[in-house]
Amino acid sequence: MTTTWQECDDCAHRLDERDAAVRCPHCAGLLSVHHAPVLTGNALREHFATSPSPSGVWRFGAVVMPDAGADMVSHPEGNTPLIERQQLARWADVTRLQFKHEGHNPTGSFKDRGMTVAMTQARRVGASAVACASTGNTSASLAAYAAQAGLPALAIIPEGQIALGKLAQTLAYGARTVMIDGDFDDCLRLMDAVSAELGVYLVNSVNPWRIEGQKTIGLDLLRQRQWQSPDWIVLPAGNLGNTAALGKAIDEAMTWGLITRRPRIVAVQAEGAAPFADAFARGFDRLVPAEAHTIATAIKIGAPASYARGVRAIRSTDGLVVSVSDREILEAKVAIDAAGVGCEPASAATLAAIRKLRRAGTIAEDDDIVAILTGHLLKDPTIVTELHGSDSTVPGLANRPVRIANTLDAVAAVLFPAQ
Ligand code: F0G
């Protein structure tokens, strides 16, 4: 059986794995979960391969939360597909490109991987309510998993700044949803105070169990590739919980002999919300928070909470942080959608970055690349109708609906226009 404990990133103070603290009680630093698994290498790979769990998170339970027992709250989730589409590889001028499509999770984003574990911990510690601040996907996932766990849920969201599908989910799954006049960074600050003062259990990605769940994106894709590391793993980055989780997955996979080579992480931000990319360009001197602006609302974040962990993930994998413009994000999204794959805008930043890095010569044509598509196309239907409506932001690429008379001839005229 794996030995598991929590430890402060800053002062190394240790806590029992069932301690309800989300931050270090001594120095308020972020906590990480540590595991010392009994199995390593082939035996651990075999243990994952033969897991009876229907969940692509709990298959890896021995290195996520070994002792979840009857408290487990699972939809199930994970086991998302690795997708290859030649037209998209050609679009970015590369030959080996796979998409890990996290939009195939139960609420349509990768957040379900972290939420199943955080909600299980909420039950283990006897939490009376759970809460998060969110750009929409975390709140959708929180709402669904809290409903399953039978726990009251609170979501704090920035009014007018979360995509329609995410707001719909958060409300429909029954979370108490409060909107403030501010951005995500304001929501997170308020949520920190709420969790400290009002005693609700915080499940934002500063929660170490969220990271444990989310690191299974990395484990899942490595397992699907028979533990052969790609050269690059490319993902969108906002609050940096996911970048941190992927870095942890890669570190642990190396330590436990699951892989023999570290993939390099590419974290991608939107140009108008790029404090991490800016810090990277300055040699990670420090984080300079900025007001964020981008159409990719999921990653519209100016003061990432997991900055230090993100830096560690990029450094330990010899990774890169890049930014792409909203225009580049939209072009990539149109391509991904038109390939029948589909994703929300933030996810498309990955393909935009791959094309950009290829053009710069940083990525070689035959490099082996996995891009993580973090959210489903239907998360943000508004942007889709804007893209393909009469005032399209990408007129040359828009697939406009055509209004016709209710006749066979009119359909024929659209299908077979006169030459
Ligand atoms: N992609 C999507 C679709 C997201 O929803 C998020 C974050 C990210 C990427 C970035 O991940 O923050 O860990 O760097 N969404 C959060 C939310 C902030 O509240 O749903 P990150």
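**Close-up views of a predicted model**

**View 1. Cys132 and its closest cysteine sulfur.** The sulfur of Cys132 lies 9.6 Å from the closest cysteine sulfur, that of Cys187, which is too far for a bond. In this predicted model, Cys132 counts as buried, with a relative accessibility of 0%.

**View 2. Cys27 beside Cys8.** Here the closest cysteine sulfur to that of Cys27 belongs to Cys8, at 3.5 Å. A disulfide calls for sulfur atoms within 2.5 Å, so this pair is too far apart for a bond. Cys27 is partly exposed, and its relative accessible area is 36%. If you are wondering about the rest of the protein, a search of the whole structure turns up zero disulfides.

**View 3. Helix α8 and the residue that follows.** Take a look at helix α8, which spans residues 216-224 and is mostly covered. How many of its nine residues are buried? Seven are: Thr216, Ile217, Gly218, Leu219, Asp220, Leu221 and Leu222. After α8 comes Gln226, with a positive phi near 50°.

**View 4. Val288 in its loop.** Val288 sits in the loop between α10 (275-281) and α11 (307-316). Is Val288 buried or partly exposed? Val288 is partly exposed, at a relative accessible area of 34%. Leaving aside residues up to four places away in sequence, Val288 touches Pro275 and Arg282. Pro275 is 13 residues from Val288 along the sequence, while their C-alpha atoms are 6.2 Å apart in space.

Conventions: Residues numbered from 1 in each chain as written. Predicted model: local features only at pLDDT ≥ 70, side-chain atom pairs only at ≥ 80, totals over all residues. Heavy atoms only, no water. Buried < 20%, exposed > 50% of the residue type's maximum accessible area, 1.4 Å probe, protein only. Helix = DSSP H or I, 4+ residues; strand = E, 2+ residues; numbered from the N terminus. Contact = heavy atoms within 4.5 Å.
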